[in-house]
Amino acid sequence: MINGILNIYKEKGYTSHDVVARLRRIVGQKKIGHTGTLDPDAEGVLPVCLGKATKVCDLLTDRDKTYETVLLLGKTTDTQDISGAVLEERETDGITPEMTEKCIQGFAGVYDQIPPMYSALKVNGRKLYELAREGRTVERKSRRVTIHRIQILDMELPRVKMEVDCSKGTYIRTLCQDIGDRLGTGGCMEQLVRTRSGRFGIASARRLDEVQELAAAGKLGDILIPLDSVFEDLSEAVVSSREAQRAFNGNAVSEKGVRMQKKPEPGERCRIYDPDGHFIGIYQYDADKMRFELEKMFLDPEEIVSGRGN
């Protein structure tokens, strides 16, 4: 089985599920998952996890993201983007670049955002977009999101091109509509490109055709990102051969049997490897018991026996 992460550039016209389906055919395995939905009309960074790396799908989905988007003022649609049915059109002659920039910057920070009806969120077991397609609108609870930064890249009213750094769960479509509503003109999202998802950036993202060519040439490993790279901010530790067997079984390991560059702090989390460099999992240091407790296991012990570990 292939284990690792591919930084995919999702092109327009594909759903995130389409990307996963095609990758399953390319690599010849079913155990693949994506790390955050992108609408079919959107494009950009979509990390995809293969094999054991699917265990970190939720973790990667929770990371902050960066988008480039084009806001179109004066038009409101049912989907909050340009692909939807137009609900209302208003004049934008009364707004100025100064007014627009001040309004946009007012969204920086924490704000409560109501998820759009055309989204994959579930209410009473039904996805919102399924209800929307039936012509139904249901009440949605607002969710607190954080806009870390908004930078205006270009402004030719009624269009504004922006770069947005934001927390997980932020809908850029909704942000565009909310800006338009606050300006009194209405607004919708005209374009969207995700340029960063956590540590994965657009510069290293690969299109599916390129991935297919590399896989056919037996060079998929050239672009496969190791699972443990997700935790590169954590300290690295290596267990002794004796403690490795305990670690393989998911047991705590003694501090004396672990080699680190510096003494761990109480409660410190770290990446633990066996003497051969196999990534075992994430452990937390218990200073009172002077041992490392397993937080999440990523190693299949059978791989050690068969010699197929990372």
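This is a predicted model: local features need pLDDT of at least 70, side-chain atom pairs count only at pLDDT 80 or more; totals for chains, interfaces and linings use all residues.
Trainee: How do you know what confidence the chain has?
Mentor: The mean pLDDT of the chain is 91, and 97% of its residues reach 70 or more. Over residues 306-310, however, the pLDDT is below 50. Beyond near neighbours in sequence, that stretch has nine contacts in the model.

Trainee: What makes up the lining of the largest pocket, by class?
Mentor: The pocket holds about 1,100 Å³ of space. Of the 36 residues that line the pocket, Thr37, Leu38, Asp39, Ala120 and Tyr171 are the closest to its centre. Elements giving two or more residues to this lining are α1 (16-27), β4 (65-73), α4 (128-133), α5 (172-183) and β12 (187-197). By class, the lining has eleven nonpolar, 13 polar and twelve charged residues.

Trainee: Which residues of helix α6 are called buried?
Mentor: In α6 (residues 208-216), they are Leu208, Val211 and Leu214.

Trainee: Why are the buried residues of α6 said to line one face of the helix?
Mentor: Seen down the axis of α6, they fall within an arc of 120 degrees, so they line one face. In general, residues three or four places apart point the same way because an α-helix has 3.6 residues a turn.

Trainee: What covers that buried side, and what does the face turned away carry?
Mentor: The cover includes β1 (4-10) and α1. The face turned away carries Glu213 and Ala216; exposed means over 50% relative accessible area, and both residues are exposed.

Trainee: What follows α6?
Mentor: Gly218 does, with a positive phi near 75 degrees.

Terms used. Residues are numbered from 1 along each chain as its sequence is written. Side-chain values use heavy atoms; hydrogens and water are left out. On a 1 Å grid over the protein atoms alone, a cavity is a set of points where a 1.4 Å probe fits but cannot get out, and a pocket is an open set with protein on both sides within 12 Å along at least five of seven lines; lining residues have an atom within 4 Å of a point. Grid points are joined across faces, edges and corners, and a volume is the space filled by probe spheres set on the points. Helices (H or I, at least four residues) and strands (E, at least two) are DSSP runs, numbered from the N terminus. Ala, Val, Leu, Ile, Met, Phe, Trp, Tyr, Cys and Pro count as nonpolar, Asp, Glu, Lys and Arg as charged, and the others, Gly among them, as polar. pLDDT is the predictor's confidence in each residue, from 0 to 100. Contact means heavy atoms within 4.5 Å. Buried means under 20% relative accessible area, exposed over 50%, partly exposed in between (1.4 Å probe, protein chains only). The arc is that of the directions from the helix axis to the C-beta atoms.
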